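Reader: I've got a protein model open and I'm a bit lost. Could you show me how to read its features?

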Amino acid sequence: MSFTHEIKSNRLLEDEITDNFHDISPPLTDKQVLIESERCLFCYDAPCINACPTDIDVPLFIRKINTENYHGAAKEILEKNILGGSCARVCPTETLCQQACVRNTEHDEPVAIGKLQRFAVDHLDTTQPYPFDRAASTGKHVAIVGAGPAGLSCAHRLARDGHKVTIYEAAAKSGGLNEYGIALYKLVDDYAQKEIDFVLQIGGIDIKYQHALGKDVNLNQLRENHDAVFLSIGMGNVNALNIPGEQYPNVEDAVAYVSELRQTNNLASLAVGKNIIVIGAGMTAIDIAVQSKKLGAENVTIVYRRNQSAMGASEHEQELAYKNGVSFVFNAQPKQIVGDENGISTMEFIRTQQSSNGKLQCKDEIISMPCDVVFKAIGQQLDSSPFGNDNPPALDQRGRIAVNEQFQTSLDKVFAGGDCINGKDLVVEAVDHGNKAALAIHQQLQQD
Amino acid sequence: MANLACEFIGIKSINPFWLASAPPTDKAYNVVRAFEAGWGGVVWKTLGEDPAPINVSSRYGVHYGQNRQVLGFNNIELITDRPLQINLDEITQVKKDWPDRVIIVSLMVPCEEQSWKDILPLVEATGADGIELNFGCPHGMPERGMGAAVGQVPEYIEMVTRWCKQYCSLPVIVKLTPNITDVRKPAAAALRGGADAVSLINTINSITSVNLETMSPEPSVDGKGTHGGYCGSAVKPIALSMVSEIARDPETASLPISGIGGVSNWRDAAEFITLGASNVQVCTAAMLYGFGIINDLCDGLSDWMDKKGYSNINDFSRAAIPNTTDWKHLNMNYKRIARINQDNCIQCGRCFAACEDTSHQAILKTGDFDNREYSVIDDECVGCNLCQVTCPEPNAIEMVDVDTGEEHLSWLHHPANPYREEK
């Protein structure tokens with residue numbers, strides 16, 4: 001077998017790449033904000049509030065924007081969602097608040113709630129005192145594992161309530177998905193770190209970096225040394241294709257590549273394939289496909305075994321991919337990747353079709369597509385190995401940490417939230433988990 | 001096609017749209033542009049005695065809607081700040097060049113017979129079609145004993161009007177100030193003095209806003225402000241009412257009226273005419289959009305008249321006056337209620353919030369966030385219209401008549417009225 005690898009860095013000039021990775025949704029101007037905020041009808045029992053996992057009072061903050069009470073608008077948002085700034089940027093608003101907007105009719109379009117929220121949080125008046133107070137110390141100490149959105153929101157609530165919080169973070173930076181997993185053009189200018197600085201201003205939160213659960217600390221120790229534990233460890237494992245050829249070089253986890261992309265100081269130096277195949281149909285698939293194009297890949301194709309209507313990525317996200325020149329192939333199930341220890345040349349798929357009962361059937365047709373890189377973006381799993389075998393928390397049917405309505409696990413005083421429990425795997429939902437778990441933890445600690 | 005040409009106190013005009021006495025009519029350049037655009041006439045910005053007053057810098061204050069939509073604005077400008085002779089010369093020339101267009105000259109001189117006696121012949125010599133007495137200007141000039149200071153004292157109005165009729169053969173229009181309690185009193189005084197017509201309303205005493213940084217009212221002149229004359233679409237309802245009061249009162253009903261106050265489009269103009277005006281004067285809309293709006297004013301009015309079968313302005317003049325009455329004559333047995341058209345409702349709940357919080361709890365909310373519905377509780381609905389007012393969808397809430405089967409009954413004859421009159 002012979003093939004030439006076409007994986008190389010500097011496919012585009014540095015300036016071109018910088019341009020490509022500009023903020024995809026630039027902030028609204030004052031004038032746009034005036035017009036957009038005026039469109040909000042200040043609905044009674046507004047459906048957008050209900051659609052927001054963190055229950056942000058959308059009409060109220062928009063009204064405050066409209067009266068130029070920007071600081072009040074920002075406080076309104078942050079009170080409910082301390083990561084309201086990043087949520088404004090990364091939330092799939094088209095499937096959340098903006099989908100619920102009553103203006104979302106055939107004659108109209110929804111109020112741009114996400115963009116208005118970003119404007120509000122960006123206009124928090126930092127010359128004013130920090131908008132949250134810390135209650136008198138309770139003497140209680142809570143351990144949080146993972147400094148992602150769930151862990152940070154939980155920590156902030158607990159700190160406000162006067163508890164001492166130590167966060168154990170495996171990585172060198174906090175932020176979790178916001179720092180390592182969001183497409184670069186959705187969260188620019190090191191926003192995740194700036195937001196975390198703001199979160200930590202409450203005081204009483206200590207973050208221990210490069211402290212991985214199961215390696216540098218273990219759950220039993222944490223339970224012994226703290227009054228409660230909140231697990232927000234995200235999902236550590238990437239689903240495998242389980243097909244021949246998956247072991248070859250350049251068959252990569254999309255999540256790992258995005259993380260590398262977000263952390264590099266020089267985007268042009270990243271190695272990029274010429275013909276890239278992305279397997280998956282969710283946000284991660286779109287993110288890696290679009291970013292590959294922006295780095296200069298010639299052909300990027302998202303291949304999904306079902307049809308377009310079954311895609312997890314919203315229409316808005318799919319449109320983004322089309323606009324960036326990403327191709328789609330539907331009804332094609334991975335069969336094998338052809339290559340050797342030096343790399344890969346083609347990937348083969350079996351043509352599928354949807355049967356009348358909704359089941360996916362394989363047809364007698366093989367599709368072969370040239371590729372030098374394959375990205376796997378078919379979901380992630382909780383990595384439960386850090387819990388070890390000595391009294392781990394119970395898992396649910398999806399293999400994630402089982403919790404009750406109070407976000408308590410099967411273990412006493414151990415709570416969990418974010419992507420490591422069952423949910424929609426959204427940043428805003430993780431924030432909600434953190435908020436609610438903090439409330440439950442606070443209530444329990446008060447009873448002690 | 002309907003004929004917009006009309007006659008007002010013997011003055012023929014190609015259409016009922018004149019520019020009111022204000023900055024747009026301050027000099028020949030503007031007036032000629034207005035005539036070129038198609039305006040039927042102008043009331044030339046108020047002339048006074050020399051030396052002309054001096055205006056300050058920073059002159060207009062605005063009252064915005066939330067989206068920078070100008071609801072109204074005010075001004076603290078005085079009468080023309082150009083020498084009398086320049087104005088007279090320009091009026092003479094423009095009238096000569098535009099014989100089919102109306103030029104009315106607005107005047108304001110001290111409340112002394114000699115002052116009027118001096119200026120009137122000069123104005124008459126220009127060939128202008130008439131004069132308008134500025135008894136309304138609410139700012140600046142009253143401090144010098146002119147403008148609204150005259151307009152607020154019916155005896156002065158009568159006296160000055162009489163001088164004008166005595167020393168000048170031109171038709172006299174008296175411009176009324178709304179800054180009084182009963183506009184019929186100055187109108188009646190004008191009539192007694194021999195006025196050919198009244199025009200109203202002049203601008204309303206106002207402070208549009210306060211700069212919360214400098215604590216100065218706007219418009220701010222070196223850190224200080226003063227009340228100015230308010231105008232624009234926000235004043236239209238006030239003007240319509242005042243016009244109708246003069247048209248309805250038997251004592252003043254015979255007075256022709258030139259309607260002024262927030263006329264922004266042809267529909268406003270038609271409304272003024274149905275309530276008593278014979279023509280309208282426009283200022284703010286032109287100041288906001290330029291003279292080009294005259295096209296829509298004429299076109300829209302003419303088209304509406306065609307649809308209604310009116311061939312000229314007189315056909316619908318004062319048409320709404322018979323239906324404009326005192327509260328005591330309204331039918332207390334009339335009932336209307338709100339109907340929410342679910343096909344057009346977008347479930348914003350504004351009607352519910354308004355009715356539940358501030359009115360009669362007559363709207364029922366059912367369902368949850370994803371599937372909610374608002375409907376009217378007929379027995380609780382008093383037909384106040386608030387839900388329709390708050391509704392952002394034009395066709396979602398309709399007010400419908402309910403047949404009560406009861407005959408007309410006004411408060412005048414109502415059994416609950418201790419002072420009722422027998423039918």
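Author: The centres of domain 1 and domain 2 of chain A, taken over C-alpha atoms, are 33 Å apart. This is a predicted model, where local features need pLDDT of at least 70, side-chain atom pairs count only at pLDDT 80 or more, and totals for chains, interfaces and linings use all residues. Residues are numbered from 1 along each chain as its sequence is written, chains are lettered from A in the order in which they are written, and side-chain values use heavy atoms, leaving out hydrogens and water.

Reader: Which domains does the assignment give for chain A?

Author: Domain 1 (14-20 + 239-376), domain 2 (40-122) and domain 3 (141-236 + 382-447).

Reader: Where does the second largest pocket lie?

Author: A pocket is found on a 1 Å grid over the protein atoms alone: it's an open set of points where a 1.4 Å probe fits, with protein on both sides within 12 Å along at least five of seven lines, and lining residues have an atom within 4 Å of a point. Here, domain 1 and domain 2 of chain A both give residues to the lining, so the second largest pocket lies between them.

Reader: And how many residues line the second largest pocket?

Author: There are 31, and A:Ser25, A:Thr93, A:Glu94, A:Lys115 and A:His316 lie nearest its centre. Helices are DSSP runs (H or I, at least four residues), numbered from the N terminus. Of these elements, α15(A) gives the largest share of the lining, six residues.

Reader: How do I read "buried", say for α2(A)?

Author: Buried means under 20% relative accessible area, exposed over 50%, and partly exposed in between (1.4 Å probe, protein chains only). In α2(A), the buried residues are A:Val33, A:Leu34, A:Glu36, A:Ser37 and A:Arg39. They pack against α4 (58-66) and α8 of chain A, where contact means heavy atoms within 4.5 Å.

Key
Helix = DSSP H or I, 4+ residues; strand = E, 2+ residues; numbered from the N terminus. Domains from an automatic or database assignment.
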